[in-house]
Amino acid sequence: MSPPEFDRIDIAILHRLQRNGRLSNVELADEVGLSESACLRRVKGLEAKGVITHYAAQLDEKTIGLPGTVFVRVSLTSQREDHLLTFEEAVRHVPEVMECYLMSGDVDYIVRVVVRDAPDYERIHHTLTNLPGVDRVHSSFALRTVLRRTRLPLGTAG
């Protein structure tokens, strides 16, 4: 499936909503130079196409007591599709897991976990190692976040 094509107005709308998802339709329409009804139609169309998937508040992990990030490389006992799917379903139920990627290469998954501290991670480590099909986990604590983006590169309009 090829990605949808966007004109400069769509790109401007997406840039602004990525920067501030709380913009009212009135503010957004004014910023992109459309009438309110035309702007709302564009946004609804982008939602219907699955380009805009949801709106969310971004929380500061440190402020809410989860200052640690751990990257966990997970190897399974088998790479059969049913084993992968079983692991994927189980990992969805670990609330501290923020992201999980099926990988090529020497591990099956990379998982990003948020933690309070090392003892908190020990608890989560126990949970992860007991997920179905897990053979090995290798954990690395992030020392500092250098760059973390939430906005996708969309081109120059906006």
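Leaving aside its neighbours within four places in sequence, Val-72 is in contact with Tyr-109, Ile-110, Val-111, Val-113, Tyr-121, Leu-128, Val-137, His-138 and Ser-139. The model in which these contacts are found is a predicted one. Val-72 also belongs to the largest nonpolar core, a set of 20 residues in which Val-72, Val-74, Phe-87, Val-113, Leu-128 and Leu-131 touch the most other members.

In soluble globular proteins, nonpolar side chains tend to be buried together.

Turning to the overall fold, the protein contains 5 helices and 4 strands, which follow one another from the N terminus in the order α-α-α-β-α-β-β-α-β. Its radius of gyration is 20 Å, well over the 15 Å that the globule rule gives for 158 residues, so the protein is more spread out than a compact globule. Taken along the principal axes, the box filled by the C-alpha atoms is roughly 55 × 40 × 25 Å.

Of the 158 residues, 32% are buried, and among contacts with a separation of 6 or more, 62% join residues 24 or more positions apart. The accessible surface comes to about 10900 Å², with 53% of it belonging to carbon and sulfur atoms. As for charge, there are 20 positive and 22 negative side chains, and the centres of the two sets lie 5 Å apart.

Key
Residues are numbered from 1 along each chain as its sequence is written. This is a predicted model: local features need pLDDT of at least 70, side-chain atom pairs count only at pLDDT 80 or more; totals for chains, interfaces and linings use all residues. Side-chain values use heavy atoms; hydrogens and water are left out. A nonpolar core is a set of buried Ala, Val, Leu, Ile, Met, Phe, Trp, Tyr and Cys residues joined through side-chain atoms within 4.5 Å. Buried means under 20% relative accessible area, exposed over 50%, partly exposed in between (1.4 Å probe, protein chains only). Contact means heavy atoms within 4.5 Å. Helices (H or I, at least four residues) and strands (E, at least two) are DSSP runs, numbered from the N terminus. The radius of gyration is taken over C-alpha atoms; the globule rule is 2.2 Å times the number of residues to the power 0.38. Accessible areas come from the Shrake-Rupley method with a 1.4 Å probe; for residues, only the protein chains shown count as cover. Lys and Arg count as positive and Asp and Glu as negative; His and the chain ends are not counted. The place of a charge is taken as NZ of Lys, CZ of Arg, CG of Asp or CD of Glu.
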